[in-house]
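Here are my notes on the model you sent over.

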Amino acid sequence: QGDLVESGGGLVQAGGSLNLSCTASGIIFSINSMGWYRQAPGKQRELVATITSRDKTNYADSAKGRFTISRDSAKNTVYLQMSSLKPEDTAVYYCNAQYENYWGKGTLVTVSS
């Protein structure tokens with residue numbers, strides 16, 4: 001049974017930075033594209049960024065130029081570096097292992113204005 005555990009969320013002022021981590025266990029990390037998604041209150045879950053097993057990245061327009069996704073296969077961990085945060089980035093951020101379809105429980109990011 002796979003498990004994804006996110007960490008690194010918190011409260012930050014607009015313009016600040018946060019680094020999220022997601023550590024996987026019980027999955028074949030190397031074959032999974034990994035992704036970060038977010039869900040703001042009253043809104044649907046949306047893609048933030050993905051990274052393939054070959055480190056090819058894809059970003060939502062809202063994340064381009066501000067967020068960076070990366071992965072460390074030795075640690076079974078995927079990261080999301082977020083900078084120039086805006087109040088509209090406030091959401092619960094979820095980690096996803098695409099091939100085996102596992103989701104983490106999420107970590108809350110709150111950006112104050």
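1. Ser-84 sits in the loop between β8 and β9 (strands here are DSSP runs of E, at least two residues, numbered from the N terminus). Have a look at its backbone: phi is positive, about 50°, although Ser-84 is not a glycine. The residue is partly exposed, with a relative accessible area of 41% (buried means under 20%, exposed over 50%, partly exposed in between, with a 1.4 Å probe and protein chains only).

2. Before going further, a word on what you are looking at. This is a predicted model, where local features need pLDDT of at least 70 and side-chain atom pairs count only at pLDDT 80 or more, while totals for chains, interfaces and linings use all residues. Residues are numbered from 1 along each chain as its sequence is written, and side-chain values use heavy atoms, with hydrogens and water left out.

3. Where else does a residue other than glycine have a positive phi? Asn-101 has one, near 55°. Asn-101 belongs to the loop between β9 and β10 (102-103). With 53% relative accessibility, Asn-101 counts as exposed.

4. Now the overall layout. The protein chain has zero helices and eleven strands (a helix would be a DSSP run of H or I, at least four residues). Read from the N terminus, the order of elements is β-β-β-β-β-β-β-β-β-β-β.

5. On size, the radius of gyration is 13 Å, which agrees with the value near 13 Å for a compact globule of 113 residues (taken over C-alpha atoms; the globule rule is 2.2 Å times the number of residues to the power 0.38). Along the principal axes, the C-alpha atoms fill a box of roughly 40 × 25 × 25 Å.

6. How much of the chain is buried? Buried residues make up 42% of the 113 residues. The accessible surface is about 6100 Å², and 46% of it belongs to carbon and sulfur atoms (Shrake-Rupley method, 1.4 Å probe; for residues, only the protein chains shown count as cover).

7. Contacts across the sequence deserve a line too. Of the contacts with a separation of 6 or more, 54% are between residues 24 or more positions apart (contact means heavy atoms within 4.5 Å). As for charge, the mean positions of the 11 positive and 9 negative charges are 3 Å apart (Lys and Arg count as positive, Asp and Glu as negative, with His and the chain ends not counted; the place of a charge is NZ of Lys, CZ of Arg, CG of Asp or CD of Glu).

8. Next, the cysteines. A search of the whole structure turns up one disulfide (a pair of cysteine sulfur atoms within 2.5 Å). It joins Cys-22 and Cys-95, whose sulfur atoms are 2.1 Å apart. The pair links distant parts of the chain, with Cys-22 in strand β3 (residues 18-25) and Cys-95 in strand β9 (residues 91-97), 73 residues apart. The torsion about the S-S bond of Cys-22 and Cys-95 is about -80°, so the disulfide is left-handed.

9. Are those two cysteines buried or exposed? Cys-22 is buried at 0% relative accessibility, and Cys-95 is buried at 0% as well. Leaving aside neighbours within four places in sequence, Cys-95 is in contact with a list of residues including Leu-4, Glu-6, Cys-22, Met-34, Trp-36, Val-78 and Trp-103. Cys-95 and Met-34 are 61 residues apart in sequence, with 7.3 Å from C-alpha to C-alpha.

10. Leu-80 is worth a click. You will find Leu-80 in strand β8 (residues 77-82), buried with a relative accessible area of 0%. Beyond its neighbours within four places in sequence, Leu-80 is in contact with residues including Leu-18, Leu-20, Trp-36, Val-48, Phe-67, Ile-69 and Tyr-93.

11. Thr-50, in strand β5 (residues 46-51), counts as buried with a relative accessible area of 19%. Apart from neighbours within four places in sequence, its contacts include Met-34, Tyr-37, Asn-58 and Ile-69.

12. Last, Gly-65, in the loop between β6 (57-59) and β7 (67-72). Gly-65 is exposed, with a relative accessible area of 83%.
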